[in-house]
Amino acid sequence: MTDIVLTHGTVVTMNGRREILRDGAVVIEGNKIVSVGKTEKIKPKYMADVELDCTGKLVLPGLVDCHVHLAQALIRGCADDLSLVPWLRERVHPMQGTYSPKDGELSTKLCCLEMIKSGTTCFVESGLHWRYGFNEIARVVEEIGIRAALSKKLMNLRGYADVPDAICESMAEDGETTLRQTLEMIKKWHGKAGNLIHVWFGARTPGACTVDFYREMVEQARKHQTGITIHLGEVKQDIDYMRKEFKMTPMEFMRHCGVVGPHVIYVHGVWIPQEDFKILSETEGTICHCPASNLKLASGFAPVPEMLHAGVNVALGCDGGPSNNCYDMIREMKLAAIVHKARLLDPEVLPAERVLEMATVNGARATLWGKELGSLEPGKLADLIVVDQRNPHLVPVRNPVSNLVYAANGSDVDTVIIDGKIVMQGREVKTIDEAKIVERVQETGLEVDKRLGLEIGPNWPVK
Ligand SMILES: [Zn+2]
């Protein structure tokens with residue numbers, strides 16, 4: 001007896017040959033995909049507990065968001081139209097600096113709800129401060145049933161590039177404690193919740209860590225066989241700082257600190273010079289492209305088509321509530337696909353298919369689940385999504401990948417299966433009370449502003 005069979009869908013397999021199956025089926029047993037093929041061939045072979053008829057729908061691997069700030073969902077829209085350092089120092093950090101684990105927990109619930117409802121099945125959290133409550137957050141992730149690499153933030157200085165006190169008092173942590181807490185969380189949560197949760201090292205940006213501290217982190221990550229994620233070259237200040245202070249490019253500096261390898265995700269990579277592409281491709285690290293965040297914060301344009309051309313693995317990320325301001329990978333795919341065309345005056349760069357690869361196979365490669373995720377093939381983990389194509393903005397269907405990237409949005413996602421479990425069906429998330437969370441977030445979100453005496457509201461008169 002098989003657990004779940006999805007039938008009559010258009011299956012975008014993302015397999016090595018990138019096959020798309022019309023009237024296709026996917027069979028799930030336990031947490032694995034056991035068969036993928038034409039419905040007429042598959043259906044007679046399997047008796048299923050649950051059959052999901054996917055007529056008029058697209059079936060594809062769950063999207064992998066390689067850069068998420070869980071704690072920032074609760075401060076969505078708190079710092080619009082500001083540049084990065086004041087954005088961080090005046091709003092984002094002070095606000096997060098008032099958090100208790102209860103706030104961290106609520107923000108995680110909100111963020112995971114939004115991700116699931118827009119087709120993300122696996123994400124990499126950028127770095128959790130101790131005050132958000134790592135344990136509480138991990139428990140929420142387990143309960144909701146989404147796959148996550150949760151990073152603990154690590155730092156031993158308070159700077160951001162050449163600004164020495166950029167990190168406010170309430171968000172500052174000392175090196176020894178951040179390292180100890182990360183190791184404790186690895187012991188407690190790495191590979192736990194049925195291997196839904198991994199624990200990573202969330203290294204802070206150059207200026208907040210000494211070279212020796214990065215090296216210590218690298219050593220520990222190697223020992224525990226886990227990943228490291230770091231914001232790198234997000235704004236011009238980053239590259240200027242590394243050039244001035246160390247006489248190195250960002251990737252030369254990363255190599256100097258040992259922060260290189262297939263287990264490293266460098267976030268943004270806007271200010272990565274061409275000479276760094278070789279180091280990136282040779283060391284097999286991943287650049288996580290966050291176009292909405294880079295555009296909104298006016299950070300610049302990451303050279304994504306150029307990096308892909310040089311053999312660099314480039315994945316995609318939504319970043320956070322004050323920078324994006326949403327966690328919808330489908331919207332992010334469209335932005336990634338169109339922004340570079342205008343930048344390079346070339347509509348042929350980054351076709352829809354390449355961008356879907358960034359959000360699936362490339363993202364999967366960046367995570368420790370590597371070969372187990374990213375495509376629909378027998379033996380892979382059963383993380384997949386179903387997208388309804390029977391919407392006015394999604395017909396006619398000529399190329400379903402084009403419609404998904406250029407015309408769809410997160411609310412077209414109908415069903416989400418993670419680790420073989422139906423987490424959302426018919427847009428109803430089964431593992432959490434959505435209405436209750438939305439209500440609590442509205443209240444608590446505005447309460448966070450009040451803690452700091454901030455009045456953030458409409459810029460137009462309200463009657
Ligand atoms: Zn970020």
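Student: What makes β14 and β15 a pair, and in which sense do they run?

Tutor: Strands pair if DSSP finds at least two bridges between them. Strand β14 (residues 384–388) and β15 have four bridges, in the antiparallel sense, so they meet that definition. One facing couple is Ile 385 and Val 416, the latter in β15. A strand here is a DSSP run of E with at least two residues, a helix is a run of H or I with at least four, and both are numbered from the N terminus. Keep in mind that this is a predicted model, where local features need pLDDT of at least 70, side-chain atom pairs count only at pLDDT 80 or more, and totals for chains, interfaces and linings use all residues. Residues are numbered from 1 along each chain as its sequence is written.

Student: Why is β15 called largely enclosed?

Tutor: A residue is buried if 20 or more other C-beta atoms, placed from the backbone, lie within 10 Å of its own; it is exposed with 12 or fewer, and partly exposed in between. In β15, six of the six residues are buried, so the rest of the structure largely encloses this strand.

Student: What joins β15 to β16?

Tutor: Three bridges do, and the strands run antiparallel. Ile 418 has Lys 421 in β16 as its bridge partner. The hairpin has two residues between the strands, and Asp 419 takes a positive phi near 55° there.

Student: How do you know that domain 1 touches domain 2?

Tutor: The domain bounds come from an automatic or database assignment, giving domain 1 (2–61 + 375–429) and domain 2 (63–372). Residues are in contact if their C-beta atoms, placed from the backbone, lie within 7 Å. By that test, 24 residues of domain 1 contact 26 residues of domain 2. On the domain 1 side, α15 (400–407), β15 (413–418) and β16 (421–425) each give two or more residues, and α15 gives the most, with five.

Student: Why are β6 and β13 called edge strands?

Tutor: They belong to an open sheet of eight strands with parallel pairing, in the order β6-β7-β8-β9-β10-β11-β12-β13. β6 (63–68) and β13 (313–316) each have a single partner strand, so one side of each lacks a neighbour in the sheet.

Methods:
Two residues are in contact if their C-beta atoms, placed from the backbone, lie within 7 Å.
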